[in-house]
Amino acid sequence: MEETLQIQEEDEIKKDMEQELPCGEREQLQAEWDRLLQERQQLAREREQLENETAHLRSRFEEERKQLKKDMLFFEKKMEILKGGFAQLASDRKALERERILLEEERRNRHGSVCADEDGIRLFFSGVSNPLTLKKRYRDLIKIFHPDNVCGDTELLQRINKVYETLLEEVRWGRKQKKA
């Protein structure tokens, strides 16, 4: 509707101009008028093309925005799962550490109650009367309680070494006294 009004106004202006101008100028004016109409049509086509491209880009933008929103939600869900997993790992690690400490204390208490003093360690060597059996029993105890073994304990091994040294001296001293 608006375009038809413009065209009518343009036609009226064109007629008015044609009546007042000489013939040579009319031809120039007509040529200029035709050029302007062509430019107008070209601009209208470019405008329509631009509007189509804009509409296409808007729809594409909206699609990508929706996809981005979906991706963000998916990422957030994955992050929540990871956070939950890390929290579970942390709690499991703490529980495992507490259990390890309890087992270590239990192990110390077990070794401490059985072999806390020299008399307790001497029980390992009970029934030993000569140096060869004492040495064999000592080697067996070293194999069992060496720190590189699962049941190994450095402190207990040091106590066994100390008791072995004293028993070895007692056995040797006893032999020397019997000879004398």
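## Ground rules

A residue is called buried when its relative accessible area is under 20%, exposed when that area is over 50%, and partly exposed in between (1.4 Å probe, protein chains only). Helices here are DSSP runs of H or I with at least four residues, and strands are runs of E with at least two, numbered from the N terminus.

What you're looking at is a predicted model, where local features need pLDDT of at least 70, side-chain atom pairs count only at pLDDT 80 or more, and totals for chains, interfaces and linings use all residues. Residues are numbered from 1 along each chain as its sequence is written, and side-chain values use heavy atoms, with hydrogens and water left out.

## The nonpolar core

Let's start on the inside. A nonpolar core is a set of buried Ala, Val, Leu, Ile, Met, Phe, Trp, Tyr and Cys residues joined through side-chain atoms within 4.5 Å. The largest one in this model has 16 residues, and the members that touch the most other members are I121, F125, L134, Y138, I160 and Y164.

Which elements give two or more residues to this core? They are α4 (131–145) and α5 (154–179). Helix α5 gives the most, with eight residues.

## Aromatic pairs

Now for the rings. Rings of Phe, Tyr and Trp (its six-membered ring) pair if their centres lie within 6.5 Å; planes under 30 degrees apart count as stacked, over 60 as edge-to-face and the rest as tilted. The structure holds two such pairs. In one of them, F124 and F145 have ring centres 5.5 Å apart and planes at 45°, so this pair is tilted. It links distant parts of the chain, with F124 in the loop between α3 (118–122) and α4, and F145 in helix α4, 21 residues apart. F145 is buried, with a relative accessible area of 10%.

Then there are Y138 and Y164, whose ring centres sit 3.9 Å apart with planes at 15°, so this pair is stacked. Because Y138 lies in helix α4 and Y164 in helix α5, the pair ties together parts that are 26 residues apart in sequence. Both tyrosines are buried, and you've met them already among the core members with the most contacts to other members.

## Salt bridges

Side chains of opposite charge can pair when their charged atoms come close. A salt bridge is counted when a side-chain nitrogen of Lys or Arg is within 4 Å of a carboxyl oxygen of Asp or Glu. How many does a search of the whole structure find? It finds nine. Take helix α2 (residues 23–115), where R47 and E51 lie four residues apart, about one turn of the helix. Their side chains meet in a salt bridge at 3.4 Å, N to O. R47 counts as exposed at 59% relative accessibility, while E51 is partly exposed at 46%. Helix α2 also holds R60 and E64, again four residues apart, about one turn, and this bridge has an N to O distance of 3.4 Å. Here R60 is partly exposed at 44%, and E64 is partly exposed at 48%.

E155 is partly exposed, with a relative accessible area of 46%, and R159 is partly exposed at 29%. Finally, salt bridges that share partners join E32, R35 and E39 into one network.
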